[in-house]
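Keep the viewer open and follow along.

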Amino acid sequence: MEKINEVFFGEHGITSTSANHLANLAKELIAANEAKLKNLSFVTTKIDIVGSQSQQGKTVTQGVNEAFLQEIKKLLERISEYNAFCAWMREAIKAKGVELDRICSMTFTQWLRDNKIDIKSPDLEVYVDFSDIFEKLNIRERNEYYTLEAIASTIGRYIHKKGSISLARAQLQESIIKPYCATGSGKDTLIYSHCPSVDEAKVDEVFIDLQKWHRSVEQQLNQIRYSIKRKVTEEKIRLGNEKRLEREKFENQKKELMFQFNEWKVRENEKVSKLKIVIPEALQKTYDYLTSLEN
């Protein structure tokens with residue numbers, strides 16, 4: 001309950017229904033007393049016709065006498081007391097309404113915040129990639145991977161179609177097919193003769209051996225990569241299961257808290273509905289008089 005509204009309620013007092021009834025009764029008394037002062041006049045006015053035989057005239061306005069004059073202050077006091085009583089009851093009834101509305105409009109999120117309960121829906125996304133597993137390799141495994149990468153890169157650079165070994169082999173094969181070639185014309189003609197410096201079969205043997213070496217290294221690299229990818233899949237499955245368990249735990253917790261929230265609403269609504277409006281000491285006399293009118 002808001003602090004500003006606590007003053008209206010206590011263990012002993014009256015219900016909102018009684019408060020509303022007594023306020024309406026006080027309102028009637030206010031109207032009755034105000035009627036006495038509404039057309040107040042301190043002058044008695046009479047009207048007569050010129051030449052009339054009557055010396056009395058006809059009274060059109062009756063001024064109050066001295067006895068009523070002395071009663072004016074008391075009338076104002078009573079009106080003020082009834083107004084004060086009405087003001088208290090109306091504010092108390094309004095305060096109860098505010099509290100009931102507050103309970104009714106309270107959201108689950110606000111209730112959690114007010115009770116300092118922090119629950120967060122777990123993220124079901126699983127973030128695992130090659131680098132997450134790769135960084136877990138030990139020093140030997142990491143060095144082996146980098147070494148194999150370096151070997152594969154080095155060999156590949158030389159035996160690639162545009163690599164120097166591959167180009168030299170192609171040049172050897174061409175020199176065997178065309179041992180001689182000429183450039184220029186006439187006296188400026190230059191004749192080139194090409195003679196293999198090594199046996200073509202041995203060059204092919206070395207080249208094929210380098211290809212086998214390259215394939216072997218690539219195969220080892222692929223095995224490591226496959227192993228890492230398999231571990232990525234396994235880790236995703238493991239984390240996915242953990243996330244689902246977290247989600248189930250969250251849903252169960254949320255369901256229990258929602259049950260507590262609904263119970264709180266029912267309990268608070270009942271408690272506020274049963275609140276008694278206290279009668280301040282200054283209004284006790286007015287309260288006693290108003291209740292006596294009902295007997």
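Helix α2 passes α3 in a left-handed crossing, where left-handed is the label if the near helix is turned anticlockwise from the far one by less than a right angle, and right-handed if clockwise. This is a predicted model, with local features needing pLDDT of at least 70 and side-chain atom pairs counting only at pLDDT 80 or more, while totals for chains, interfaces and linings use all residues. Residues are numbered from 1 along each chain as its sequence is written, and side-chain values use heavy atoms, with hydrogens and water left out.

Why an angle and a distance? Two packed helices are described by the angle between their axes and the distance between the axes. For α2 and α3, the axes come within 9 Å and cross at roughly 155 degrees; axes here are lines fitted to C-alpha atoms, for helices over the stretch in contact, and angles run from 0 to 180 degrees between N-to-C directions. That angle makes α2 roughly antiparallel to α3, since angles over 145 degrees count as roughly antiparallel, under 35 as roughly parallel, 65 to 115 as roughly perpendicular and the rest as oblique. The residues in this contact divide into 17 nonpolar, five polar and six charged. In that scheme Ala, Val, Leu, Ile, Met, Phe, Trp, Tyr, Cys and Pro are nonpolar, Asp, Glu, Lys and Arg are charged, and the others, Gly among them, are polar.

Now α2 on its own. Helices (H or I, at least four residues) and strands (E, at least two) are DSSP runs, numbered from the N terminus. With 23 residues (16-38) at 1.5 Å a residue, α2 should span 33 Å, and its end C-alpha atoms are 32 Å apart, which agrees; the expected span is 1.5 Å times one less than the number of residues. The buried residues of α2 are S16, A19, L22, A23, L25, A26, L29, I30, N33 and L37, with buried meaning under 20% relative accessible area, exposed over 50% and partly exposed in between (1.4 Å probe, protein chains only). What covers them includes α3 (66-105), β6 (276-277) and α9 (281-292).

Follow α3 to its other partner, α8 (residues 200-273). The axes of α3 and α8 come within 10 Å and cross at roughly 175 degrees, so these two are also roughly antiparallel to each other. On the α3 side, K96, E99, L100, I103 and C104 meet W264, K265, E268, N269, V272 and S273 of α8, contact meaning heavy atoms within 4.5 Å. By class, that contact has five nonpolar, two polar and four charged residues.

On to single residues. T286 sits in helix α9 and is buried, at 6% relative accessible area. Setting aside residues up to four places away in sequence, T286 touches E81, Y82 and F85. In the segment after α9 comes E294, which counts as partly exposed at 44%.

Apart from neighbours within four places in sequence, E235 is in contact with V128, I133 and K136. In helix α7 (residues 164-177) you'll find E174, partly exposed at 48%. E174 and A23 are 151 residues apart in sequence and 119 Å apart in space, C-alpha to C-alpha.
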